[in-house]
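Have a look at the model first.

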Amino acid sequence: MAATPQNPAAATPRRKVSRHRGEGQWAAGHHTPLNGNEQFKKDDDGLNVRTRIETIYSKRGFDSIDPNDLRGRMRWWGLYTQRRPGIDGGKTAVLEPEELDDEYFMLRVRIDGGRLTTRQLRVIGEISQEFARGTADVTDRQNVQYHWIRIEDVPEIWNRLEAVGLSTTEACGDTPRVVIGSPVAGIAEDEIIDGSSAIDEIHRRYIGSKEFSNLPRKFKTAISGSPLLDVAHEINDVAFVGVHHPEHGPGFDLWVGGGLSTNPKIGVRLGAWVPLAEVPDVWAGVIGIFRDYGYRRLRTRARLKFLVADWGAEKFRQVLEDEYLARKLVDGPAPEQPLQQWRDHIGVHRQKDGRFYVGFAPRVGRVDGATLTKIADLAEAHGSGRVRTTVEQKMIVLDVEEDKVESLVEGLEALDLTARPSSFRRGTMACTGIEFCKLAIVETKQRGSQLIDELERRLPEFDEPITINLNGCPNACARIQVADIGLKGQLVVNDKGEQVEGYQVHLGGALGLEAGFGRKVRGLKVTSEELPDYVERVLKRFQAEREDGERFATWAARASEEALS
């Protein structure tokens, strides 16, 4: 019997046909949660957890907290579990979350625009002393962070903060985080435009609203009309930068898609000029695009910068105009380069009303509740009712009469808060580090403070602008890639073959002046113990080799690897 020809189709195993899930973009119809974070957000909006904190968890204690609330939704109200003491950096990526969790929390106080009254600052300090074992760090996003917070105390802390107009609403989580702004908005003599009203309107309309309480990931905003470019606009998801339009006058240049972490990207200009009154609407359009088109499949690609990189500025602007604003934006100019590298407002400066503001430098943002209350007392004793925080972990007292300036400066010095800091005190910044952070591998705050002391002792005449940023892990909370000397915490091997705390070195990053990321020299790592020796050595080489007026970042870009080692 002749063989029957086989049907090729019948012989081929049938493959299961499944719908391509894409990147989890809602606008493409991909509403099925593709990871655990998206699932718990779909199950219940993060804002709803406040009721459970107030009515259940604060009464029954830490062990009563649902895991999806504990490591997820509670962030919507500024709460993260902190690192259990005694766990070394080598175990950070090995242990399960419940093994790393302590039964205490970090709590972040949201300070939009860095604006505080002395009354508010005093309440922040009092809460620190009563509920947070004195902790109160000033962050590089103008917030204040407490540690050692018990869940039982959270409702009372909220009551006290909200009584003076502060909150922790959406201070963390996949939400619109604090809106950073120029700390001298409305008072600086050289200000292009005051963006304070736009910050207030964004907060009034959208913060705590469920319209934008479920984003793919966090969303960072910067608004400043200062010619110093004082809010690190290049590394925010959206930024409004003060410019003069030749026909329309002062307004804002629109930037989108900046961010650091393990995939750093400098934001891009959309070439659009936005008048002050329209900033909230344009902001809502940009964040709306992120909510609807942002990538939700992988957390590692869930920031706006990835969408902007894929679309490009032209498409992003077109979608913003066509789908979210229903009108065209006005073309506008780019901001001018700032005339100075420092943009932290440290020192004594005249305000446009004839009074003065005084910027001063805590050590790597580390203060305490008692010090904050003393700052409030000192400001009031010198006629001021307003203080500010900056994006460089610094603080400012506003509205000081000329005849009281020197007395204020002396009072700050007595608190180890100098208005005339060395370049090292002024330019060194550090993240929370292994002391409290569950992601950290190495210590940062104490190391940064010790480094300042060593460099002041070894290089007392060094007076060039220099930024030295220490980060406890690769996530770049302390902006290591855009520092002159960026130090990324990791475990390294010392000359005895022992695994110890240390840093991978990035050199020559910058913001404002030729913004760009630092250079990594192959194999350039330094132990924590060797850090002062290394920084001293590279700064001396910079001094010896630099050309007239050359900045460290420019020198580092052209220097030999030997000079940087």
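An open sheet of 6 strands runs in the order β6-β7-β8-β9-β10-β11, with mixed pairing. At its edges sit β6 (176–181) and β11 (330–331), each pairing on one side only. Strands here are DSSP E runs of at least two residues and helices H or I runs of at least four, numbered from the N terminus; two strands pair if DSSP finds at least two bridges between them.

This is a predicted model, with local features needing pLDDT of at least 70 and side-chain atom pairs pLDDT 80 or more, while totals for chains, interfaces and linings use all residues. Residues are numbered from 1 along each chain as its sequence is written, and side-chain values use heavy atoms, leaving out hydrogens and water.

Strands β9 and β10 run antiparallel and are joined by 4 bridges; Val 256 has Val 268 in β10 as its bridge partner.

Two helices lie across the sheet (contact means heavy atoms within 4.5 Å):

| Helix | Lies across | Angle |
|---|---|---|
| α8 (196–206) | β6, β7 | about 165 degrees to β6 |
| α9 (279–293) | β6, β7, β8, β9, β10 | about 160 degrees to β7 |

Angles run from 0 to 180 degrees between N-to-C directions, with axes fitted to C-alpha atoms, for helices over the stretch in contact.

α9 also packs against α10 (304–311) at about 90 degrees, axes 10 Å apart, so α9 is roughly perpendicular to α10 (65 to 115 degrees). Val 286, Ile 289, Phe 290 and Tyr 293 of α9 meet Leu 304, Leu 307 and Trp 311 of α10.

Conventions
Angles under 35 degrees count as roughly parallel, over 145 as roughly antiparallel, 65 to 115 as roughly perpendicular and the rest as oblique.
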